[in-house]
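Hi,

Here is the structure I promised to pass on. Have a look at it first, and my notes on what turned up follow below.

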Amino acid sequence: MTTLAQPIQYKGKVIDFPLANPKEADIPDEELHEHLSAPSTDRTRRLKGRCRWKHASAGEFVEKGVRAGIERMRLITESHKESRGKPEVIRRALQLAAVLTKGTVVVQQDEFIIGYHAEDPNMFPLYPELSYMNVKDYLQSDYSPQPAAEAEEINNYWKPYSLQSKCEKYFDPVDLQRMYQVSSMEAPSFAHGYNSVVPPYETVLEDGLLKRIELAEGHIRDAKAEMAKQPWDGTKGLDWIGKIDNWEAMIIADKAVISWAKRHARLCEIVAENFETDPARKEELLEMGEISRRVPAEPCKGLKDAFQAKWYTYLLCHGIERYASGYAHKEDKVLWPYYQTSIINKSFQPMTHADAVEMVEMERLKISEHGAGKSRGYREIFPGSNDLFIFTIGGTNGDGSDGCNDMTDAILEGARNIRTTEPSMVFRYSKKNRVKTLYHVFECIRDGLGYPSIKHDEIGTEQMKYYSQFSLNKNGATDEEAHDWANVLCMSPGLVGRRKTQKTRSEGGGSIFPGKIFEITLTNGYDWSYSDMQLGPETGYAENFETFEQLWDAYKKQYAYCVNLVIRAKDVSRYMEGRFLQLPFVSSIDDGCMELGAEACSLSEQPNGWHNPITTVVGGNSLVAIKKLIYDDKKYTMKQLMEALKTNWEGFEQMQKDFKNAPKWGNDDDYADGIIKRYYEEIIGGEMRKVTNYSGGPIMPVGQGVGLYMEVGSRTGPTPDGRYGGEAADDGGISPYFGTDKKGPTAVLKSVSKVQENQKANLLNQRLSVPMMRSKHGFDIWHAYMNTWHDLNIDHVQFNVVSTAEMKAAQKEPEKHQDLIVRVAGFSARFVDIPTYGQNTIIARTEQQFGAEDLEYLNVDLSN
Amino acid sequence: MATCAECAFFFRVPEGEDDFEPGKADCVTEHKDQKGKYWLSKPVFEKTETCGNFRKRS
């Protein structure tokens, strides 16, 4: 039987919490989520049933038969050898063209949106031009491309040309070794190849690629005319050379893409005429063929066109031209014109709202099948998922009006129906958002999907305006464009639209680990618990810090060393990306690159620099405990603390309890919050923003967790917050350490709202009571909570609404809980695919109950 | 020696297509595994030597 929330006294009345849906009364708590999946059509039910998931668990692919393909590696290598002597950007375009014209194209049973990025739907491509270590990692695994000897030869060929080789020599080997430990800093992107991009989908859908080719051809004509002018001025005229090369590369890329789409069209036609026996499917295949003959060459005319053109663009930008995680776009805004055409006006590809929902479900399943050739390390940090695929909806339009529309609703309905972990979704919350859409948002959250995660619409918009002032070419976001943002990955806003979007993760992304940095601050920068090496500068031993300020300053120096090193590594990567890892297709679809003859990685119009502190609260709570117990109360000495930490608290059990019970973040405790506010604003954000990156703007912290709070937690020794060595760290950004927020949900909000300066974003995980959320008052409570969160000017919040009973049942019988989804950090995951260590961190999160005091503070109206 | 041109999976690229070349074709094969059916298309030429998937055109 379903557990109901206990009645509470509120405003002089006893409030009961009957289920919103009485039919759920007989469903046991332990299996609720297995009753929530409801694909809207037989087709999407079949597609989900046969989905070729690429989830990883503990670094291993969950489904058998998943492995790396060799085709992309082989084709780019042949092209690279054949194109010696040509400009580098042209070589990159020719490599893309080789993959698109000589590679395999795929069409699967039942699917309507077509296209894949490897030679078989069970495979994924590798990128030896990025990181030879990453490819080597696959060669040593069961997922190696075949034939393995050829793959090894290809990888060896690329070693001197790879981004990694080109960048490494500009770093002290000692610094590189420290980064490669991935305990105080993430390894540099030139070594791991992890990347993200925000494709300007709008130009593809609105213009079509034939138009982009025409633009580039026109620019080349104009450039040559400029070069021919007399008198010749070499100080200006030579600039056209690089631009002409870029435009030529764009044309090569776009022509190849059009041809590739038409190959898909031809495949659909051949299958229809030679293999398919069902007349209805034959007709559908011919329609699919017709669509791929039209897009992305021409502008999209209806919603089916738009989904298909968007998917081709996605594959090219995220899997074929270069690897990139993410799915950043403002999907409801991108699709809304085509929704209007097809559903409202029915003037092209007429369909119903229900048909649009089915399209959404099919797109979600395409993403779920998408394989990412990430290294083992990166598979480990996204347990229960295949990669970070995140898009954004809601918010406000350029004129400040509500950004929600019926496409927003279709996206939310489809996501709730089909229940897949990918793609995740961000909802930009504004008080202008219509209640109808908010209810759909709530339903997804209440059903335990973990998404949408919620971002504060106005904070994100103001942030785009702020960064705009640093634009190197004085062409950052206008006030109107500042409304057009989406999360680039889990947490950080970035512009979307026809230009000025982020093209490479060397602008923003990558992690730094304040928990570990705090640990080594106590030991003169030496890491005794994991790597057994000097990880940072020598800043003194904790026993010699006579004041809290000395400890503070040492920590600041250790943190600043790491920040400067990781941002330098990203900028060196960016420098090389613009010279050897150009993106001719991405360039061709960006209006800025097209206008200026610029390359996507090189051009920066809107700075958007950020880096992700992960495990911040372990450091913060440790500072609080030390100040309280050593410097203020003088209950213990630093020498005693260091002895206790060296033994992992063994023999110091009472001391561990005292440090564990010291004031903690997330309880609206002024003592703890005062120190932690200063820590976030002065060290985490203050030191980071001193750095200026490639784009000319400051770097700001985006606190989050991914799965690194587990990975790095396991590499972090015992810490003065009372944590044992190897235990997971805090699960994200500004979230309280699990189980230590004991004063209810509104106390958490009050604490978090105190940190306002020098932050770009901060992830807040909250776990809400299942019975309360599924009651008839669920929406009203959540809505009031969200409005309070908004009023407190908090950047982000996301929710788990899943019972401990169900998670524990899934641990016992995982095969019966395939649809149980949880929010880990900036992504959702299939619970049973998360290693037990990680599962236990989700279970340990405080399940927030709303008491009468909370409801009073939120001013919830429960009169109905 | 048999060539791709004699194979049942050989579908000539029609003139007028962007990637048309004399003798060029799509090699389209049907595959089936526990997840269902799918079709793959790879470019081949009529004089290419046959592969293991060769099936004589009837």
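This is a predicted model: local features need pLDDT of at least 70, side-chain atom pairs count only at pLDDT 80 or more; totals for chains, interfaces and linings use all residues.

**Salt bridges within chain A**

K436(A) and D406(A) pair through their side chains in a salt bridge, 3.7 Å from N to O. By salt bridge I mean a side-chain nitrogen of Lys or Arg within 4 Å of a carboxyl oxygen of Asp or Glu. K436(A) sits in helix α19 (residues 435-446) of chain A and D406(A) in helix α18 (residues 406-418) of chain A, so this pair ties together parts that are 30 residues apart in sequence. Helices (H or I, at least four residues) and strands (E, at least two) are DSSP runs here, numbered from the N terminus. K436(A) is partly exposed at 48% relative accessibility, and D406(A) is partly exposed too, at 23%. For those labels, buried is under 20% relative accessible area, exposed is over 50%, and partly exposed is in between (1.4 Å probe, protein chains only).

Residues are numbered from 1 along each chain as its sequence is written, chains are lettered from A and ligands numbered from 1 in the order in which they are written, and side-chain values use heavy atoms, with hydrogens and water left out.

Back to the pairs. K500(A) and E481(A) also meet in a salt bridge, at 2.7 Å from N to O. K500(A) lies in the loop between β12 (493-495) and β13 (508-512) of chain A, and E481(A) in the loop between α20 (457-468) and β11 (485-487) of chain A, so the pair ties together parts that are 19 residues apart in sequence. K500(A) is buried, at 6% relative accessibility, whereas E481(A) is partly exposed at 29%. E813(A) and K816(A) form another salt bridge, their closest N and O atoms being 3.0 Å apart. Over all chains, the rule counts 80 salt bridges.

**Where the two chains meet**

Chain B puts 21 residues in contact with 31 residues of chain A, contact being heavy atoms within 4.5 Å. How much area is buried between chain B and chain A? About 2,200 Å², with carbon and sulfur atoms giving 51% of it; buried area is the accessible area (1.4 Å probe) that two parts lose on being put together, summed over both. K35(B), Y38(B) and W39(B) supply 33% of what chain B buries against chain A, more than any other three residues.

Charge features here as well: the rule finds seven salt bridges across this interface. D18(B) forms a salt bridge with K262(A), with the closest N and O atoms 3.6 Å apart. In chain B, β2 (24-33) and β3 (36-45) each supply at least two residues of the side that touches chain A, and β3(B) gives the most, with eight residues. That side of chain B divides into nine nonpolar, two polar and 10 charged residues (Ala, Val, Leu, Ile, Met, Phe, Trp, Tyr, Cys and Pro count as nonpolar, Asp, Glu, Lys and Arg as charged, and the others, Gly among them, as polar). There is also a network of salt bridges linking R266(A), E269(A), R293(A), E17(B), D19(B), E21(B), K24(B) and D26(B).

**The nonpolar cores**

The largest nonpolar core has 272 residues, and I454(A), W782(A) and F799(A) have the most contacts inside it. A core here is a set of buried Ala, Val, Leu, Ile, Met, Phe, Trp, Tyr and Cys residues joined through side-chain atoms within 4.5 Å. Apart from it lies another core, of six residues, including V106(A), M123(A), Y38(B) and L40(B).

Two cis peptide bonds are worth a look. One joins Q230(A) and P231(A), with omega about -5°, and P231(A) lies in the loop between α10 (209-227) and α11 (234-237) of chain A. The other runs from V295(A) to P296(A), with omega near 10°. W649(A) has a positive phi of about 70° although it is not a glycine, and W649(A) is buried, with a relative accessible area of 1%.

Cheers
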